[in-house]
Amino acid sequence: MLVPRLRPFTSTIFAEITQLAVRTGAINLGQGFPDTDGPASLLADAAAAITDGGVNQYPPAPGLPALREAVAAHQKRFHSLSVDPADVLVTMGATEALASAVIALCEPGDEVVVLEPYYDSYPAVIAMAGATRRTVPLRAPDFQPDPAELRAAFGPRTRAVLVNTPHNPTGAVFGRDTLRAIGDLAIEHDAVVITDEVYEHMTFGAEHVPMATLPGMAERTLTISSAGKTFSVTGWKIGWVHGPAELVAAVRAVKQFLTFAGGAPFQPAVANALALPDDVFAAISGDLRPKRDLLADGLREAGLRVFEPSGTYFVVADLAPLGVTDAAAYARAMPERLGVAAVPVGVFCDDPHLAPTLLRFAFCKRDELLREAVSRLRTAPPA
């Protein structure tokens, strides 16, 4: 009974691989969720809001004022962005913010430019809006867009551009020149830029540059982030979007009929967490870097070609040196065969030839789990 445009999206690769991992007892390096909790103060604040503060009913539809103010203060503190708290909208995770933005701004006949491989919700929400996606390939080893291919994706029907940096699944971080090229094309075609910056505090020797900080971009950019990745509370689903008042109002008009509001006791806790000292935020990437190196080294020793990420908590590796030609089939066999689960990058691409032998592994796990996964991969039988 599902409408045709949504039939390709009846399930996600993350659910499929996680189910295989659960069934086989494999170590799940497929789905990107940490296996440790965030700051103790964050958890205590949420518990207190439930039991002592009575923050258990509907919050204001745009979000609690304290959280909106905290998001604005965070953007000023880390990115020198001046954001009016009135122009911050709290959402049920970054996913709802993205969906609400695309549905609010796009309709049949419009085109949305996306970089592929893309996060799996992007094509789904574009389809929900009835719009058409135009993809720009990101190729190994650096996963940066080609300027000519980027320009070719834009046209008279371009309504929006989805930019994810640091980028999932590749781990690439887009620099100022790349973002400037995207921004110039958006200005030329009068398109809105929707940026997914949920991994903003997870970079390794690379600078995260918010699109809205570039000249001429604040007035046409919707910036999205969340607490889930930053504070290792992915199940809380507390995200936000900010930008020009008229664009945020459009997003709010859609969002109010999706969830209206939620996560009431989590919102004041996240507000407090956003004001934690600088060393808490520095430790996010600082703690992840040795995990990245542990997994990357293990994958190399297992015979894979590794593309070291500059951001996120994912590493992409190529199975081709093992003689593998179909990463999707290999990924579905891995949990039972090797006791480790990973996600094939090709499922995030329109072009079947772009990443046929690439797998994405998550390293946001306890060290002992990563060591065991590496041990299993090193002793794997030939492909």
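**Sheet order and aromatic contacts**

In the predicted model, seven strands form an open sheet with mixed pairing. Their order is β2-β8-β7-β6-β5-β3-β4. Strands β2 (88–92) and β4 (132–137) lie at the edges, each pairing on one side only. From one strand to the next, the twist averages 25 degrees. Within this sheet, β3 (residues 111–116) and β5 (residues 158–164) run parallel and are joined by four bridges. Glu111 stands opposite Thr158 in β5.

Twelve aromatic pairs are present in the structure. One of them, Phe204 with Phe363, is tilted. Phe204 belongs to the loop between β6 (192–196) and β7 (221–226), whereas Phe363 belongs to the loop between β13 (358–362) and α13 (367–378), so the pair ties together parts that are 159 residues apart in sequence. Phe204 and Phe363 are both buried.

Tyr313 and Phe314 make an edge-to-face pair. Here the centre-to-centre distance is 5.2 Å, with 75 degrees between the planes. Both residues, Tyr313 and Phe314, are buried. Phe314 also meets a charge: the charged end of Arg360 sits over the Phe314 ring, 3.6 Å from its centre. A further contact of this kind involves Lys365, whose charged end sits over the ring of Phe33 at 3.8 Å from the ring centre. Elsewhere, one aromatic cluster is formed by Phe14, Tyr119, Tyr122 and Phe348.

Terms used: Residues are numbered from 1 along each chain as its sequence is written. This is a predicted model: local features need pLDDT of at least 70, side-chain atom pairs count only at pLDDT 80 or more; totals for chains, interfaces and linings use all residues. Side-chain values use heavy atoms; hydrogens and water are left out. Two strands pair if DSSP finds at least two bridges between them. Helices (H or I, at least four residues) and strands (E, at least two) are DSSP runs, numbered from the N terminus. Axes are lines fitted to C-alpha atoms, for helices over the stretch in contact, and angles run from 0 to 180 degrees between N-to-C directions. Rings of Phe, Tyr and Trp (its six-membered ring) pair if their centres lie within 6.5 Å; planes under 30 degrees apart count as stacked, over 60 as edge-to-face and the rest as tilted. Buried means under 20% relative accessible area, exposed over 50%, partly exposed in between (1.4 Å probe, protein chains only). A charge sits over a ring if NZ of Lys or CZ of Arg is within 6 Å of the ring centre and within 35 degrees of the ring normal.
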